[in-house]
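Thank you all for coming; I would like to take a few minutes to walk through one model with you. Please have a look at the picture first, and then we will go through it together.

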Amino acid sequence: MRMDLKDDLKKLGDKVRQYRDEVRVQLHLAREELKDEWEDLEPKWQQFRHKLDGIGQETDEARQNAVDAARKLGEELKNSYSRLRDRLK
């Protein structure tokens with residue numbers, strides 16, 4: 001009986017180790033995926049900042065177009081960063 005208990009605990013330990021290793025690999029891959037997404041968003045962030053800085057220097061019609069473009073890009077960035085933030089929780 002004592003040997004069965006020892007074997008059961010060894011099997012449990014092996015399973016826990018396997019699950020732990022699998023989770024560690026998945027976490028590493030998830031971090032790399034999130035990092036890639038972050039890096040993809042950075043040029044858009046710079047573009048958004050540039051658009052915001054330029055608003056006010058155009059004619060009324062051009063200004064409205066710039067505001068609309070900045071708003072659209074800002075919403076896209078907000079949603080993308082929100083998804084990344086939620087995935088990190």
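Leaving aside its neighbours within four places in sequence, which residues is Y81 in contact with? Before I answer, let me say that this is a predicted model, and that every value I quote has been computed from it.

The residues that Y81 contacts, once those neighbours within four places are set aside, are W38, L41, E42 and W45. Taking L41 from that list, its C-alpha atom is separated from that of Y81 by 8.2 Å, although the two residues are 40 residues apart along the chain. Y81 itself lies in helix α2, and it counts as partly exposed because its relative accessibility is 21%, where buried would mean under 20%.

Staying with that helix, α2 covers residues 60-88, and at 1.5 Å a residue its 29 residues should span 42 Å, which agrees with the 41 Å between its end C-alpha atoms. As for what is covered within α2, the buried residues are A66, A70, L73, G74, L77, S80 and L84.

Now let me step back to the protein as a whole, which has two helices and zero strands. Its C-alpha atoms fill a box of roughly 85 × 15 × 10 Å along the principal axes, and its radius of gyration is 25 Å, whereas a compact globule of 89 residues would have a value near 12 Å. Buried residues make up 12% of the 89 residues, and of the contacts between residues at least 6 apart in sequence, 67% join residues at least 24 apart.

The protein exposes about 7800 Å², of which carbon and sulfur atoms supply 54%. There are 21 positive and 21 negative side chains, and the centres of these two sets lie 6 Å apart.

That is where I will stop, and I am happy to go back to the picture if anyone would like to.

Technical notes. Residues are numbered from 1 along each chain as its sequence is written. This is a predicted model: local features need pLDDT of at least 70, side-chain atom pairs count only at pLDDT 80 or more; totals for chains, interfaces and linings use all residues. Side-chain values use heavy atoms; hydrogens and water are left out. Helices (H or I, at least four residues) and strands (E, at least two) are DSSP runs, numbered from the N terminus. The radius of gyration is taken over C-alpha atoms; the globule rule is 2.2 Å times the number of residues to the power 0.38. Buried means under 20% relative accessible area, exposed over 50%, partly exposed in between (1.4 Å probe, protein chains only). Contact means heavy atoms within 4.5 Å. Accessible areas come from the Shrake-Rupley method with a 1.4 Å probe; for residues, only the protein chains shown count as cover. Lys and Arg count as positive and Asp and Glu as negative; His and the chain ends are not counted. The place of a charge is taken as NZ of Lys, CZ of Arg, CG of Asp or CD of Glu. The expected span of a helix is 1.5 Å times one less than its number of residues.
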